[in-house]
Structures are given as structure tokens and as C-alpha cells.
Number of protein chains: 4
Amino acid sequence: MSKNTKLWGGRFRSPLAKSAEAFSASIGYDARLYPQDIMQSIAYAKTLKKAGILAEAETKKIIRGLEEIKRGLDSGRLHFRSEFEDVHMNIEAWLIEKVGEVGKKLHTGRSRNDQVATDLRMYLKWEITETIVLITRLQAAIIDQAEQNISVIMPGYTHLQRAQPVLLAHHLLAYFEMLQRDRERFNQTHERVDVMPLGSGALSGTNFPLDRAYLAKELGFYRISANSMDAVSDRDFVIDYLSAAAVLMMHLSRLADEIIIWSSYEFGFVQISDSFSTGSSLMPQKKNPDVAELVRGKSGRVFGHLVSLLTLMKGLPLTYNRDLQEDKEQLFGSIDTVKSSLSIFSEMIKTIKFNQEVMGKAVKKGYLTATDVVYYLVVQGVPFREAHEIVGKIVNYCEESNMELDYISLNQLKQFSSKFSYDVQRILSAKASVEAKDTIGGTSPKRVKEALKRARAHLLHDKA
Amino acid sequence: MSKNTKLWGGRFRSPLAKSAEAFSASIGYDARLYPQDIMQSIAYAKTLKKAGILAEAETKKIIRGLEEIKRGLDSGRLHFRSEFEDVHMNIEAWLIEKVGEVGKKLHTGRSRNDQVATDLRMYLKWEITETIVLITRLQAAIIDQAEQNISVIMPGYTHLQRAQPVLLAHHLLAYFEMLQRDRERFNQTHERVDVMPLGSGALSGTNFPLDRAYLAKELGFYRISANSMDAVSDRDFVIDYLSAAAVLMMHLSRLADEIIIWSSYEFGFVQISDSFSTGSSLMPQKKNPDVAELVRGKSGRVFGHLVSLLTLMKGLPLTYNRDLQEDKEQLFGSIDTVKSSLSIFSEMIKTIKFNQEVMGKAVKKGYLTATDVVYYLVVQGVPFREAHEIVGKIVNYCEESNMELDYISLNQLKQFSSKFSYDVQRILSAKASVEAKDTIGGTSPKRVKEALKRARAHLLHDKA
Amino acid sequence: MSKNTKLWGGRFRSPLAKSAEAFSASIGYDARLYPQDIMQSIAYAKTLKKAGILAEAETKKIIRGLEEIKRGLDSGRLHFRSEFEDVHMNIEAWLIEKVGEVGKKLHTGRSRNDQVATDLRMYLKWEITETIVLITRLQAAIIDQAEQNISVIMPGYTHLQRAQPVLLAHHLLAYFEMLQRDRERFNQTHERVDVMPLGSGALSGTNFPLDRAYLAKELGFYRISANSMDAVSDRDFVIDYLSAAAVLMMHLSRLADEIIIWSSYEFGFVQISDSFSTGSSLMPQKKNPDVAELVRGKSGRVFGHLVSLLTLMKGLPLTYNRDLQEDKEQLFGSIDTVKSSLSIFSEMIKTIKFNQEVMGKAVKKGYLTATDVVYYLVVQGVPFREAHEIVGKIVNYCEESNMELDYISLNQLKQFSSKFSYDVQRILSAKASVEAKDTIGGTSPKRVKEALKRARAHLLHDKA
Amino acid sequence: MSKNTKLWGGRFRSPLAKSAEAFSASIGYDARLYPQDIMQSIAYAKTLKKAGILAEAETKKIIRGLEEIKRGLDSGRLHFRSEFEDVHMNIEAWLIEKVGEVGKKLHTGRSRNDQVATDLRMYLKWEITETIVLITRLQAAIIDQAEQNISVIMPGYTHLQRAQPVLLAHHLLAYFEMLQRDRERFNQTHERVDVMPLGSGALSGTNFPLDRAYLAKELGFYRISANSMDAVSDRDFVIDYLSAAAVLMMHLSRLADEIIIWSSYEFGFVQISDSFSTGSSLMPQKKNPDVAELVRGKSGRVFGHLVSLLTLMKGLPLTYNRDLQEDKEQLFGSIDTVKSSLSIFSEMIKTIKFNQEVMGKAVKKGYLTATDVVYYLVVQGVPFREAHEIVGKIVNYCEESNMELDYISLNQLKQFSSKFSYDVQRILSAKASVEAKDTIGGTSPKRVKEALKRARAHLLHDKA
């Protein structure tokens, strides 16, 4: 006879079919919740004692039993048994085996519905904290690279076409900003996860005077759920994590794409260390940016998990439905993906060598300071749209003559507009262009250095 | 020759193909940004003046021109011209037509890259405020129904199986809680939208000493973007809206599903007013909960938009890429869906009649107080798991004898456990069961009334 | 030094970082491809011999080595080593260990790019065949239930409102039709999978005169890829499987939802056997349709995998990119989900008891034959829209008088239309209504029996 | 009073609320189905006559009325009225206005449930045919470019790293292959769409002896739906279109990404004509591949629609539910996106100029023939893995000496392996490398010319 059937009782005349048992079991993946489940049960036992349901001795016995199970699992001596469908049933069964009858009292007033929601929230809070630490580490790696390359100028792109010169550090700090928003999102998610459902029973609350405030304090929850029916059927917090994770992975996929493009022979802007490149089983000359490619690809995985959860919840009537069991593998999959992607990126970013020389040459080709010429004319009083038209023609002319803007003579320029004078030369270099972008958020060295300082400060002072 | 080509200038030798013009035009949907675009341009003109780029008279002329265009559009006298690809080009062209040469100066230091991001953020801030107001209104409708039906007891369900008695008001307040989280999400999204990209130029900043703080104040932005490259390529704020919208629509789909199930002949718990039901073109007896079905279906639409945007952004190198133009239709589609779904639900909820009598009968069938009997035994000292087993057998016995729990005699009960005594009768009613759930978040009338009071207070005092 | 680095060679100065090795390893999930990989290598060795690259003795040695590895893995004696990143590298390493130098010749002209695509296609062909068998089995279970309940009439629903009487068998056969389309989709997917990429090399083809037709015959492929660059970068066949799987799971989610609704106390149409129901850890009276709920929830999982793969492929330049490695876990996850869901549904469907009596009663309430009354009037010459209006009023009257249509007297009917005569009584029963739907696809017993016969024939004669 | 309420009848006591009317109306987008709806109604009228429900004169009157409405709509004289919720109600109302009482007979035995499914299938069949024609056109443009550039050699890439030389024509034909599969998918979808639901009534069939075979012939349907309940609730065919469309758009996004990368200054492989490029409102030198970027971005739109429809259908009980109305806007959106993307790509591809010289130079840098050197050694008897290792070291040496493979002297080569002799020089050119790939699917000029011939033949002879 199935062990589960035994636990849920007297009403069933035939046991769960083996196939159904296998199909509905979650122990294969929810085992990772055991530290939370045991911690929860210890706090719950104390609360039952406070409510007069367990005697002091019973409570101690239960707690000792649970602690023993924890040690057994930590050390690898105990192994989960698949005939108990989930982590909760496994632990409860061991407890009863260890401490006898009194173990049967622990589940009083608790349902797996509020129990699993509580475990999952405890677990996720921890993982969010880890995620935020890893984001911060990646931000630090980015800032380090930006600082080490503070004087490097490179082409800034729109439409993957050379557009205007920018500082490499400025470009890198764009990713700092994205990650900054990611941290905020995870922090806000943490706040929404930090609500304790325990005490909601199966759906309606409990019959016993459980001190939920005490319970929350024991378990480190900041808030207590306000409605038992919502508490057991809510998985918003999982979706919140997945949404934040999807945006984060999207950001990493952009950085990955840039690293891949920059590593191409044609761009040649960066060199990834051999330690983070792989070769080809066939072509001996290849050195591939596999890590970046994998991270780019893994964005799809997390987007998929988000879609899974939204689909899962769509149209579900209240309260708990077994569909909800499907939340965990998707969440765990995304957590693992996010954490490993962040870690590997932090390491890889550190090893990247930026080819200052190549970037320096690149910035000289492609008329990147054309906009500065427009502004030169604007300052001489030419309306912007007219100046834009004039410089368009100059670029056209240069292209036909196969020369760059800084090769054109003043005389030639004057044929396009009489407003040009000798000082135009001053503004045609990438350096001049970069220095001219001197407003908040601009790429002038002064602004970028300020931004670096601010970024560094954020790393130190922001809440985890 | 194409109007666009004229605006971007001198470099192009052949005009944009008609087909490409049609393909890339966005005026069909970005027209709705015109109030923001004009408001932006007015503030921008003032800032140019402050920076010494426009003279006082020029500024006034431009502002008057823009205001005139605004009036023309508001009144329907002006019509967007499809030969100008987008709302920005349309307005700039009109401005030049109206005020002449000076109109050509307005775009100085601005790019459509920062311009459109600014318009979109201004627009979205407004729409989020509207969304939040509509959520609040739906919450109010829910609270009203909960208060009007404060004494109604109904079956609470898990797995769509009758589980335990709950107050209808408690059930309804579960949705209040969901919507409360939705409000929080939209508020946080608002904060992330409330950042001004204007002044970032095409990607690197601007050459002119624009006072971005002044500009932000004029436009009502709380923060200023810190990195120009991030500012023009960031669409996180759109995804933030869509994520919040997806979760909200998921919540509504759950409420919709319950309304549909409750409206069935078999459940018969609610009656939707004729004003919110539709009939059949074939079957004259039909009265269908179409509004709820449509809202349930529309969740898919918003999930789809979220996927679209994540896909859109995946793997895009910095900075602006034309792909980004695809953000708007998806965002607008979700905004419209969310707002109309919230509105119609507020109205429909008000008209719902809950069938107290049907619910009252329902709560008596299905052994909903079995858990209370378990707890009765627990209080008599029977360990929970044993009590659970005993009551399982009692239910089994009742089912075979085709009777409900409150029909069983004390003698019969005693055959299952000697712990039963006459007072068990006291706990077998739905009313007793509900009253017993008297902890925070539980369904006891006392707790639910408190929750209602708190909910009402939230409506009044929470930030919009 | 990393084992991988050894295999790809001489160019690398520093080994792959441990973290990068762990991050990029796929052996954790691609191990399941080993039978295909070995079978492929055996056929490949033969083809190399045919091309004069391997001697007869060398070929035999390699084949014996591969067969030995296969036996080792089958029996569990050999264990994959994580320092070799994937299944291909593991097997190649063992081969070299076993047969020495000659093992180093096997990879001649082959790249992991075409190798893994070939393995995956071989594997997927097998799994599609399995999937189709399982679909057929579920169809058989549905037909069996339909035949056993051939005389049962139940309410047909639109909008979850009772609409018209239908045969339960007719309702069940709707799912047969869906599954029939699913089979077609998987068959077509099979044809698109059945194309051999091997011989495409890394991307451009191979330098050796490999007889690809011979190779395809040995490996059981029907077609040979026509373009090497497409062959190594194409994952359409994975998406084809996932699309078909998503639609199939959507169908199962609909059946699941109906089973859940029908199992509710309120509907009471079906009883799932105890062997496929689960109880509650808290509420002893509960019997929940968990299997159906899990299958409904698992639809989200497969939708998510489809999104992952589409995202993965979006915007990837040719040819092979490491992103593609992310295809496998999603595909394997969906295969496992689809197969287990189909299996468990076949079993569960068999155990379902339909409550003929409850359905029989249900069909009498809710004016289900109102449309038949409309048609009665139409036959008497009343235009359809008028007849519809008249019967609408009759239903209204009945509802106010709290009676069903078959209780209304002829006199009362005549007050709504003079066209009614005594024979109207004949058409008011569910049985008469069902029998009247006697066109192709209709629910009349005659048509449904024909449909059952056709369905049975499809099971026998359709290509797997 | 609402017009809708009038049509569905006598039972309703209060009209549909204005807001609910607006919310549920579909006339805003289903208007495009009017040609199908009218054609359907004409065939339906004939079938009613055949069944003895309409007299000859009535039938003629109705048909004339419908034809008149068609002309009115075609010419723009008639305008849809929003007080009738959908295209069907609009046309029925006009018909009654025009032909009087007899118009009220047309809906006999038909429900909007089977009517709309039939309209949608008729419409979609047409659009699929159009889609296939547009795919073929794009394939033709690709073949043309391949033929015109038949002798151009370019670097083939894996991981965006130069890998081996390939013919540009070979690269282009990879896209031909993808589009070939797309055509197959759309053809198969067409077959699944080509099933007539009409005659299924609301859900159970019809009471009248409609000759569905005749009806199908009149409407050009190949098959007739076999189960009425499936027929009215099935939207697989919409999902089939969206799946095929998603894969197609994914293919276009890959081609788009390559065009964008190839257009970059750094690659410089292609030049898009000015007619398909756009400029910048700020930077006068810019010429952007906007069309390719938009198509890449639009892939997200179609992925989103697919997700919407899957979500929509998830967990819907049989049969028709109003949720299904949400199918149309998504489908129409994808059809429009797919068609316009294919059209614009056909045009743009034609204008692309491939820079043969740049590609020719590119192929000389990056050790692209290293694999050929490995194979040279293999032919001399060196086991593949050893040869791979040797050539890896040679590449390393070349890189340190900053030279390409064809600059290395025989003496130097001999230091790495004694197997090298003077003839190695023969295999070091890109041309030799390409010619050596002479198996099916390989990039040798002979094979590619054959492939081109086959491709051309497919265009002419394939169905649709």
C-alpha cells in the first residue's frame, strides 16, 4: 500500500496507482527545500506549544527529531524515499519513525497548502539575496574594467552603424545602470516574498490560537499574510522573481551579443582569455566566445519559465489547485540559470582585454564627428535642419572622394557653407567630440569619472 | 521625393522606396503621443533658450506654433500625414510650415532616440496613474459586495472540491489582496518610468549646455537618466508595465473563471445582470457570462505582448536599434486591454447578485466540517494524524450511508473513537466552523470585518 | 589540464576555467543520446572505410570498441565523466582509451556540429514514434468509454451554460478528433526530422568522398540535408516538435479542465477511481482530481519550452552558435512531459465512471430543447428570427413560473404562437433533440455510431 | 435599446450595457471577413433551398440582397454600424432591412459558432495562399542573388568567428532551404484549415437535412468537420498558422541579423540601396538598415501572438466560449506582419550589393583553411586527433609571428610534422578549400550549381 495513502487516510479504499504516484511525486525536485521545511517545523512546534497543543517535553522531542533529520540530510546519510511524494511527507514520516506518536501531532492546524508556500518563500528570500550579491559582483567587474580603460575612446553605435565617439567606460556603465535597475527589481520582489502564509491552514485559517506574529518572528518574516484564501493560492511572488530574472537575462543577452560581435575578427575590439573560450573539435584555429553565447541562449530559458508560470495561473479558480505544484521546477531552473550566468559573466568580464589600438583606429573611420560639425554650424547661427543638410552633403562628398572628415580642407568646406572657419579643425577629433558631451549622462571624461564614482558608491552603500 | 528623406538629409541619393516608407512608418499608432511630444517640445524650446541657442522671440514663436498645432490636433482640424513617418516628423514639419526657418532650430541637440523615449515615458506615467485609479475602483466594488454579503457563508474550494466553509466576503477579499499587490507593482513601475532621457542626444549626450534639471522640472520628471547610452536603448520600463499588466490580467482571469463557474446552472451561486450578459443567436434560452469570458481570454493578449517585448530586446547590441519601434503597439495594446478590462469588471461586479440560499445549501453537503471534527479529537488529545485517519473513516461511513456529518449520532461516532461526547454537535455547523477560524487572515466574521475595515482604509489612504 | 582543451588542441595556452567548464558542460543532460551517438559512430566508421580513410581492420576495431562502450553504458558499468563536456567527447575519449591511436581517426571529416544534429534527429524520430503510440492509446481509451456509454445523454455546453443535449459519446469523440490532428502534426514533424545532417562537417561539407546515401541508409534516414550551412544551424525540427506538443498539451488541458469540473460536487458527472485521486493532508473528506490538475498545469511547461526555443533562435547569424546547445533540455523536458501526461491520462480515463443518472437529470433542467422548439416553429413557416424571439419569451415565462419546457401546456404555448399544435410534445425531450441532429458530424445516435466505427478504423489503419 | 439584444431575443429584460456592448464588440476588426461571410451566406441560402426550408423565390431574393450588400461594402458606400456587435449581425441586419421578413429565415439551422469558424477558415485559406506566394517570391530573390554572385567566396562563420571559406551562393541557399520548410508548413496548415465546420449548429449539429457535401463544394472546402462539438470549439488551425508564422519570422530574423552585421562598417560585406535605408534625424552621416531591424523586431510580435492563442485555449471546457473571439486580432496581426515582412524583404534583397572585394580579402585572414591542412595530414596517414593538435600548434605559431597560413614556408611546416611536402601549398587557398567540399550539400561550386538548379526547379513545380 502506498505510503501517501496511509498519510491522508481513512477514506480511501484503493491505493494510488503506482503510475499516478510517480506522476504526481515532487520529491525529485522539492528536496532542495528541506532546510526550510525543517526550520519551519521547528518554529511551528514552538508555536503549537505556545498555543497549548504541545507539551514542553513533546516540543523538545519533536525539535530534537527534526534536528537529527537535518543532520542526516546535511551529511548525506539520509536519502529521500520516493514512496513519500514530497519533501514534507518524507520529513514527517522520518519524524514519526524517530519520535513516535508525538510526531503525529506536528501537522496540527497546518496544511501542506500553507506549509509549501511558506517553505518556498523562505527559500526564495535566500536565493534573491544571493542573486543580488551576484549582480553586485558583476557590477563591480564592470566598474573595474571601466576604470582600467578610462581613457579608451571607441565608436558608439546605433543600428550597429558607427554613430559617435564614446568612452568605452561610458559604454560599460550603460550595463551598470541596467544592473542597477535589476537590483531594485529583485529588492522589491524580496519585499513581496517576505510575507508569511503559515497559519492559513488549507484555505480558511486555523482552529487554534496560533500566535502568527511570534511564528513570523521565529521564521524571519517581515509581514503576515492578510487573507488565508489568497495566501495558499498566490504565486505572484514566483512570477515576480521570474519577471525580474527575465529582464536581467535580457540585459545579459545584450552584453553577450556585444561581446560576441566585438570578438569577431572584423571588429576585433576584445580578446576573451583562453580560460573562457573554447575550441573546435574540427577546426584547429577556432577560439569561440561560448560562454557569452550560452548566456545569450539561456535568456530563452528564463523567458520560457515566465510564460510557464503565467500560463499555469491563468484561469485557476481559488484556492489551492494541484497545478501549483508545477511552480517549483520552473522557479528553481531560473534561479540556477540566473546565478550561474551572473557568476560566469563576472569572471569572464574580468579576463577581457580591450584592444585600445583597434578601437582608436575604428573611431577615425565612418564620419563619427559629423554631428559635431552640424553643431559647429548651429553655433554659427545656421538652423539645425539646414546644418544637418549641409553636413549630409559634405559626408557624401567625402565618401565619393574616399576620405574622412578630418582630411577635408577648409576651402572645400567653405564650398558647402561660408560659416566654416579655421577653428572647425578643433572639433573634428574623437577626443574633442567626446569632451563636448558635457551634460549629465553625457560621455565627456569628466562626466564619466563622476558616474564611476557614483557607481562605486552605490556598490558600497545600497542595500544588498 | 519622400518627405522623410528631406528631413534626414543631404547624404541620400535616392528616396526611400514607397514600400519601405509604408513598412517603417509608425504614424498609424504613435499619433497618440502627440500631446506629450508637443509638451516636450515646448519645454525643450525653453531649455534651448536658457542655453542661449534660441532667442526669446524665437522661443515664443516656436511655442505659439506648437500650441497652435496642439489645438489643431485636439479639435480634429489637423490630420497626420502618412508621408511623414512618425508623430515627431509630422509635428516638426507643421512647425516649420507655420513658423518658418526658426522651426528648423528646435531639434538642436535632440535626437529622435531621446525624444521618443521621453514621449513614451510621459505617456506611460499618465496611463499608469489611470490604471491605478481603475484598480482602486474595482477594489471598491469588491469591498462593497463583501460588505453587502457579510453574513453569507459558502463552500471554500481546493481542487474545485468543497473543502471548508468560508465567508463569501473572505473569498472576495482574496481578490482585494491580489489587486493590492497589483497596485504596488504599478506604483513601483511608475517610479522606474519617472526618469527623463531627454538630453541624451542620439546616444552620447549633447554638445550644448542644456539644463537637464530644469527640463525635468518643466516636464514633471522626478529623476534624470544617468547614462546616455542606456537612456536611448532602455525599454525596461515598457517591460515593467507589461509584467505588472500580465499579473493583473492573470488575477482577473481567475476571478473571471470563478464567475463563469458560479454562473453555471450546476453551481448557481451568482446571477449576472442582463446588462452584462449576452444571448445566443441560435438558442433562445441562453444567457452567457461573455464579459467574464472575454476578460479571461484577454489575459492571453497581454501575456503575448510581454513575450513580444522580451523577444524584441533579446540580444540587441547598444544603443538604439530600429527594432525598438516595435515597443509601442504592444504597450498600447496592453494599456487598452488592461483599462477596459478593469472598467468593465468594476461595473459588472456591482451588478452581480449572490444567491445566498444556494450557497447556504451547498455548504451543508460535502462534509465541509470534517476538519473541525479532526480538531475536536485533537483537543481531546488524539494525535493529529490519528484523528485525521478516524475522521476519514467516519466520512467513508457517512458516504456509504448517504448522510451528512450532522446526521450521524453520537453512538455511531463513538464506534470510531471513544473521545467523542455530546458537545461534538456544537462544531458541526458551517457557522461554527467559520467562527473557529479566528486567527489573523482567518475567515471568522470578526477577522473578516477587521479585514474589510483595513481594506477600506487602504483605498482611502494609499498613494494612488 | 582540462580534458576538453586536450581534444581541441594545440592552439590554446591556458585551459578552460573550471567554472566555464561546468557552465558549458552538457553531459548532465545529453547523456541520454549515447545510443544514438554510438550507432552513428558505427555507421560513420563504415562510411570512412568505404571512402578509404579507415582500413578494414581499423574499422572493425573501432566498431568493437564502440559496442563495448555501449554495453558498458547499458549495464551501468560505465559512468560519464564530467571533465569531458558532452556525450560525444566522453565516448570518443573511451574509444581512444580502449582501441588506442586508431580511435583518433574516427572524427575525420565530422564535426560536433553535424554529429549532435544527427544524434538529436535520430533520438527525436524515436520519441515521436513513441508519442504517436501513446496518443493512439489515449484515443483507444476514449473510444472505449464512448462505446460503453453510447446511450448516455448529457447537457452540451457553450459558455459553460447548458445549451443543447448531446450524447456523452459525441462529447468524448470531440477529443478523439483533436488527438487525430495531433497525430497528423507529429507525423509531419517526423518527416521533417527524418533528414540526415551528417556529412555537413562544421559548416561547409567535408573534404572526403563520404557516401552520404549509404550513411543515411545505415542510419535509417529517409532524406539527406541539401545545404551544409543550413544543416548545422537548423533547429526547426525541435520547434516543430514543441509546437505539436504545445497544441497536444492544450488539448489535454481542456479535457483535464472538464474532468475537474465534472468531478465537482456541483456537477457530479464523473467519479475518478481512488487509484487516480489523492487526499488531503489536512481535510479527511477530500478526494481530489490531482492527475487532471497536474496535466492542466503541465501545459504551461511545454508552452514555455516552445517560447524558449523561439527566443533562442531569434536573430542568430549562421551557422552554428553555442546558443544551440540550449535546445536539448527544453526538448527533453517536453518529451518527458508529453509522454507521461499521455500515459497517465490513458490510464485515468479508463477508470472514470460516468454518472448516467446525474447526467440524465441534468439534461432536463435549463431549457436545453428550446432551439428545437424554434425549429418546430420554423417548420411551421415562422421565420427563424421571429421563432427565436417567440421561444425566448416562452423561456422567460417558464422561468418566472419556475417550470421546465416539457411542463408547459399546449394552451399556454398557443398564447405565444398559434402555430403550436399537439405534436410539439414529441420534440421536447432530450432524446428527440439528440435524434434530430442527424447530419454529418451531428450528435444523433446513428451519426455517433458511424463516427465511432470510423474512429476505431483510424486506430487500426493509420500510419503509427 | 441595443440592436444586439433585439437579435437574440425575447428572454432579456434589460439591454446590454453600453460599456459591455463596446467591450464585447468585434466589428472593429472582424469587418475584414465580410466577403467570406457573404459568400458563405449565399451558399448557405442555396443549401437551405435544397433542404426545402427556403423557396426558390426566397432564395433568389436573399442572394440578391447579399450581393447588393457586398457591392455596397466593396464600393465603400455601406459602413459597418457599431451597434451591431460583429460582421455577421451587421450583414444580417442589412439583409432584413433590404429584403424584409424572408431575411429572418437565413440563419435557420446556423449558429454564429459555426458561422464564424467557417468565415475564418475561408479567409485563412486565402491568406495562406498569399503567404506561400510571397515566400516563393523571396526565395526567387535569394536564388537570383546567389546566381549573380556564383563565384564569390566569403568566410563561413561559426560562433561569429571565421571558420571556413564558403560560396556566398551556398550561404544564401541556406535561407532558401529554411523557406522551403516554411512553405511545407504553410501547405500542411492549409490542409488542416480546409475543413468546413458549417452545419455544426451551435454545438450539436442541426435539425435540418442540410447537404453538407453540397455546401462544402459550393464553398470550396475539401473536407467536412466530423464532430460538431469539436468543430465549433477548435482553433488549432489558427495556432497552426501562428506556429508556422513564428518559425518563418525566426528565419527572417536570422537573415535580418546577418544583413545588419554585414552592413556594419567593420564587416562591410553588403550595401543596401538608399531606397531601403534610412537616415538619422540628428547624425547626417548615418545610413541605417532599418528594414532589416524592423523585421528582426517583428519576430517578437508573432511569437507573442502564438503565446496569446495558446494561453487563450488553455483549459477551456467545450464547446464555444466567448474567449475564442480573441483569436482574430492576433491572427490578423500575424498575417499582416508576415506578409509585409516577406514583401519588403523580397524587394530589399534585390537591391543588396555584395562587396566581392571585401569578402575576398576577408577570406584570407583568420586561418580559414586550417581544417584543410588537418585533412592533408590525415590523408598522409596522421590520425585525425593528432593532425588537429599539430595544426593547432601551427596556427598558434602563425599568430605569434603575425602571418597567415599561406605565408608559412615548407621548412617551417616540417618542424611541426614530417608529413608535409611541397604539395601542401595547393590546398591553402580559399578556392581550393571550397572546391574540396564536394559531397552532397557541400559548398563546392559544382554542388552549389546543382543546388541552384534544384532550387529553381522547386520554385516552378512545387504546389502553391
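The residue C:Thr319 lies in the loop between helix H12 (290-313) and helix H13 (327-351) of chain C; helices (H or I, at least four residues) and strands (E, at least two) are DSSP runs, numbered from the N terminus. The peptide bond that leads from C:Leu318 to C:Thr319 is cis, with omega near -10°. In chain D, D:Thr319 is placed in the loop between helix H12 (290-313) and helix H13 (327-351), and the bond from D:Leu318 to D:Thr319 is cis, with omega near -10°. Most residues other than glycine have a negative phi, and most peptide bonds are trans.

The model is predicted, so that local features need pLDDT of at least 70 and side-chain atom pairs count only at pLDDT 80 or more, while totals for chains, interfaces and linings use all residues. Residues are numbered from 1 along each chain as its sequence is written, chains are lettered from A and ligands numbered from 1 in the order in which they are written, and side-chain values use heavy atoms, with hydrogens and water left out.

Backbone angles were also examined at two other loop positions. B:His159 has a positive phi of about 55° although it is not a glycine. This residue lies in the loop between strand E1 (153-158) and strand E2 (161-167) of chain B. B:His159 is buried, with a relative accessible area of 6%; buried means under 20% relative accessible area, exposed over 50%, and partly exposed in between (1.4 Å probe, protein chains only). D:Tyr367, which is not a glycine either, has a positive phi of about 60°. The loop that holds D:Tyr367 runs between helix H14 (356-362) and helix H15 (370-379) of chain D, and D:Tyr367 is buried, with a relative accessible area of 9%.

Helix H4 of chain C (residues 34-50) has 17 residues and reaches 24 Å from its first C-alpha to its last, close to the 24 Å expected at 1.5 Å a residue; the expected span is 1.5 Å times one less than the number of residues. Because twelve of the 17 residues of H4(C) are buried, this helix is largely enclosed by the rest of the structure. The buried residues include C:Tyr34, C:Ile38, C:Ile42, C:Tyr44 and C:Leu48. Their cover includes helices H3 (27-30), H5 (56-74), H6 (87-99), H7 (112-148) and H9 (212-219) of chain C, where contact means heavy atoms within 4.5 Å. H4(C) is followed by C:Gly52, whose phi is positive, near 80°.

In chain A, A:Ser299 is located in helix H12 (residues 290-313... see 290-313). A:Ser299 is buried, with a relative accessible area of 0%. Not counting residues up to four places away in sequence, A:Ser299 touches A:Met249, A:Ser253, B:Lys314 and C:Thr311.

The size of an interface is often given as the accessible area lost when the parts come together. Chain D and chain C bury about 9,700 Å² between them, 54% of it on carbon and sulfur atoms; buried area is the accessible area (1.4 Å probe) that two parts lose on being put together, summed over both. Within the area that chain D buries against chain C, D:Arg254, D:Leu318 and D:Arg385 supply 8%, more than any other three residues. The contact takes 114 residues from chain D and 114 residues from chain C. Between these chains there are 14 salt bridges, a salt bridge being a side-chain nitrogen of Lys or Arg within 4 Å of a carboxyl oxygen of Asp or Glu. One salt bridge joins the side chains of C:Asp230 and D:Arg181 (2.8 Å, N to O). On the side of chain D that touches chain C, the largest share, 13 residues, comes from helix H11 (residues 236-263) of chain D.

Chain B and chain D bury about 5,400 Å² between them, 59% of it on carbon and sulfur atoms. Their contact takes 63 residues from chain B and 63 residues from chain D. Ten salt bridges are found across this interface, and the side chains of B:Glu329 and D:Arg301 meet in a salt bridge (2.6 Å, N to O). Helix H2 (18-24), helix H12 (290-313) and helix H13 (327-351) of chain B each supply at least two residues of the side of chain B that touches chain D. H12(B) gives the most to that side, with 17 residues.
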